[in-house]
Amino acid sequence: CESNFKAADQARANKKSKYLDDTGIFGSTCRHGIPLKFINLKGIGERFSLAEFLLLDLQNLFNEESSSFIILYDIACSLHAHVKKNTSGLFSYNSRFNWCVSIFHAYAHSMKCQLKYHPRICNSIGLTDGESLERLWSYLGRFAPTTKYMRPSHRLDILEKAIQYKSKKMINDLGNLN
């Protein structure tokens, strides 16, 4: 189903962002939605190497052989196919990763893909939906009117502070049932 996706289409990204100061950020969260690491997409667009970098960093952080990871990503089926190639930096760690497509995006995938990558089929994931980044982007969207006229470095500073605030708030609220 990867031919239907616009994400990770480098030619499209370059044409679309030609006149923009910033084109976006690529990031990761834990299963609780707590922001972990982000990369500025300025001049590079979304591509598999970004996901590989974040996953290699995660793999290095938790480098015990017994550690395994469930990766929820909008185009996890395509990334998984990429990682299975021996040219991928994650090839030697492929057995540590279980792949799922985030639930909102799963329905845009083929039936064959859904049967393999849908999060409700994946073991050990419970009701995790993989949409924590979408919720974070929604939160950060309220900063757009304020930051759109700022210099790129100031805009990134504001977004960094907002992500740090959200992260600390989520960590502090982890045990609260209210």
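The report below takes these topics in turn.

## Basis

This is a predicted model: local features need pLDDT of at least 70, side-chain atom pairs count only at pLDDT 80 or more, and totals for chains, interfaces and linings use all residues. Residues are numbered from 1 along each chain as its sequence is written, and side-chain values use heavy atoms, with hydrogens and water left out.

Strand 3 covers residues 69-72, and its side chains alternate. Phe69 and Ile71 point to one face and are buried. Buried means under 20% relative accessible area, exposed means over 50%, and partly exposed lies in between (1.4 Å probe, protein chains only). Strands (E, at least two residues) and helices (H or I, at least four) are DSSP runs, numbered from the N terminus.

Strand 4 spans residues 97-100 and runs parallel to strand 3, with four bridges joining them. Two strands pair if DSSP finds at least two bridges between them. Leu72 stands opposite Cys100 in strand 4. Between strand 3 and strand 4 the chain passes through helix 3 (residues 76-83), and this β-α-β crossover is right-handed. Right-handed means that, with the strands pointing away from the viewer, the path from the first strand over the helix to the second runs clockwise.

## Salt bridges

How many salt bridges does a search of the whole structure find? It finds three. The criterion is a side-chain nitrogen of Lys or Arg within 4 Å of a carboxyl oxygen of Asp or Glu.

Lys37 pairs with Asp57, their closest N and O atoms being 2.9 Å apart. This pair links distant parts of the chain: Lys37 sits in strand 2 (residues 35-40) and Asp57 in helix 2 (residues 48-61), 20 residues apart. Lys37 is partly exposed at 30% relative accessibility. Asp57 is also partly exposed, with a relative accessible area of 30%.

Asp129 bridges to Arg135, with closest N and O atoms 3.0 Å apart. Arg135 is partly exposed at 48%. Lys169 bridges to Asp173 at 3.1 Å between the closest N and O atoms. Lys169 is partly exposed at 40%, and Asp173 is partly exposed at 34%.

## Cysteines

The structure holds zero disulfides. The test is a pair of cysteine sulfur atoms within 2.5 Å. Cys30 is partly exposed at 23% relative accessibility. Cys113 is buried at 6%.
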